[in-house]
Structure formats: structure tokens, C-alpha cells
Amino acid sequence: ENQATASGENGNGETVEDDSDDGDDPSGGDDPTPLSVPSIGLAKAIVGQVPAVSGVEGNFDVTYEFVIENTGTDTLCNLTLADDYTAQMGGAFVGVVTQPMITGGSAYQPGTATTIFGGTSLTSEMLNGDGCIAAGETLIVQLVVELDPDNAGALQNPITGTLDNQGTTSGENGDGDTAEDDSNNGSDADGGDGPTPFSAPSIGVAKAILDAIPSTSGVEGNF
């Protein structure tokens, strides 16, 4: 908040002064002018991965958690949360296992999650736009998707070999100004903007015969 003071003096040397009032009516009261800064942050993390319930060998059901935080001064409504898995992961994205669910946070009006999220460009939205978060409040959303990291059409990071993915959120203040943010990997919604990597656990084993000699038992034909 901020407030200015004005004063003036008449011909008799008498001074009048007034503290500013918020708005454009100088004859009103004396209220400070608030600074309006709409801002929003988004974090995204993998909080679980298990072999896919579909039973397809090599596939995984991955639980992603999104944390939306109002990092500004204004209450934000018309919240959105979008993630296009197909565009970012290609053939590695198999489908949605569990629809988005609002699982926590401190939002005074959490709103509702959609039941038709599909992870494609046309079905990337997870929220119904009926949520609001005041300054400093958060909203937590989780969903589960099935991934096939070995799919021939998988879009992997050329350096790390991971399947990288990033979501986007937005909110609107009372003046119609929109704040938006791309997700940051982890749980810090007020951090930077970086994709969340997925790497499949793997292990390998090799076995070879190096030598064969007649068995010490003396049984003919055994080795």
C-alpha cells in the first residue's frame, strides 16, 4: 500500500493538507492505494511410479502432483491447469489411469477437477475453472498416467534420455488481469520453470559358461 500527502497555503498563511484516498475522487476519505500484483506459481513432481495395472511389461503408472500457489497480492479465480502429455512425450504416453483429483492445499474455494482429462491438446485441461485462491494460498492436484518409455515414438530428452513434461497454470484477478506460469520440477511453486523428468528403473544381468570339466563326483557323463 502507498499514500501521498498534499498541502497548500492561503494568503493568510493558513495551511490545509490531506492524505490521499484510493481512487480518483479527491473529496473522499483517506485510504491508502494498494499495489495490485497478480502472480501465480506452479510446481510439478512425480510422487509415485509402479508397474502398470494394464499388465503391459515395461509400462509404468506414474503419479504426478501439481502445486498451484498464489504468489501475488490479488485473489485469483478462473483457475486453469493444463498438461499436454501427447505433445511432450509422444508415443510414450499411453493414457490416463486416474482422472485429476484435488487432494489438498489451502484454497478458500478449491473448485472442482474435470472428469474428461485426456492428456492431448484438446483434452489437456484438468480444472473446471470454478476455483479461487487468495494471496499465499495453494491448490494441490494429482493424477495418474500410464507411460511406455520404450515406445518407438517416445520423445526422450536427447541428453538425459528422460521423458520430460511440463504443465501450465493461470488465474485471473478482479480487474481481469491474467497471471500464468509454467511448472517447476519439484514442490516449490515459487521457483523457476523447468520440466519434470521421468526415468524408468532398469536392471540387467548376463550369464555365460566359461569352462566345463568332468564332475568331481566321478559319475561318467556328469560335468
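The model is predicted, so local features require pLDDT of at least 70 and side-chain atom pairs count only at pLDDT 80 or more, while totals for chains, interfaces and linings use all residues. Residues are numbered from 1 along each chain as its sequence is written, and side-chain values use heavy atoms, with hydrogens and water left out.

**First stop: the five-stranded sheet**

Select β6, β7, β4, β3 and β11, which form an open sheet in the order β6-β7-β4-β3-β11 with mixed pairing. Strands here are DSSP runs (E, at least two residues), and helices are DSSP runs (H or I, at least four residues), numbered from the N terminus. Two strands pair if DSSP finds at least two bridges between them. β6 (93-105) and β11 (184-185) stand at the edges with a single partner strand each, so one side of each lacks a neighbour in the sheet.

Select Thr98 and find Val144 of β7 opposite. Proceed to β4 and β7, which run antiparallel and are joined by ten bridges.

How many of the ten residues of β7 are buried? Nine are buried, so β7 is largely enclosed by the rest of the structure. Buried means under 20% relative accessible area, with a 1.4 Å probe and protein chains only.

Now select Tyr64, Phe66 and Tyr85, which touch the most other members of the largest nonpolar core, a group of 29 residues. Such a core is a set of buried Ala, Val, Leu, Ile, Met, Phe, Trp, Tyr and Cys residues joined through side-chain atoms within 4.5 Å. β3, β4 (60-70), β5 (77-82), α1 (85-89) and β7 (138-147) each supply at least two of its residues.

Keep Phe66 selected: its bridge partner in β7 is Val141. Beyond its neighbours within four places in sequence, Phe66 is in contact (heavy atoms within 4.5 Å) with residues including Leu42, Leu81, Tyr85, Met126 and Leu143.

Finally, select β5, β9 and β10, an open sheet in the order β5-β9-β10 with antiparallel pairing. β5 and β10 (178-182) are its edges, each with a single partner strand. Between β9 (residues 168-172) and β10 there are five bridges. Which residue of β10 is the bridge partner of Glu172? The partner is Thr178.

Definitions and conventions. Buried means under 20% relative accessible area, exposed over 50%, partly exposed in between (1.4 Å probe, protein chains only).
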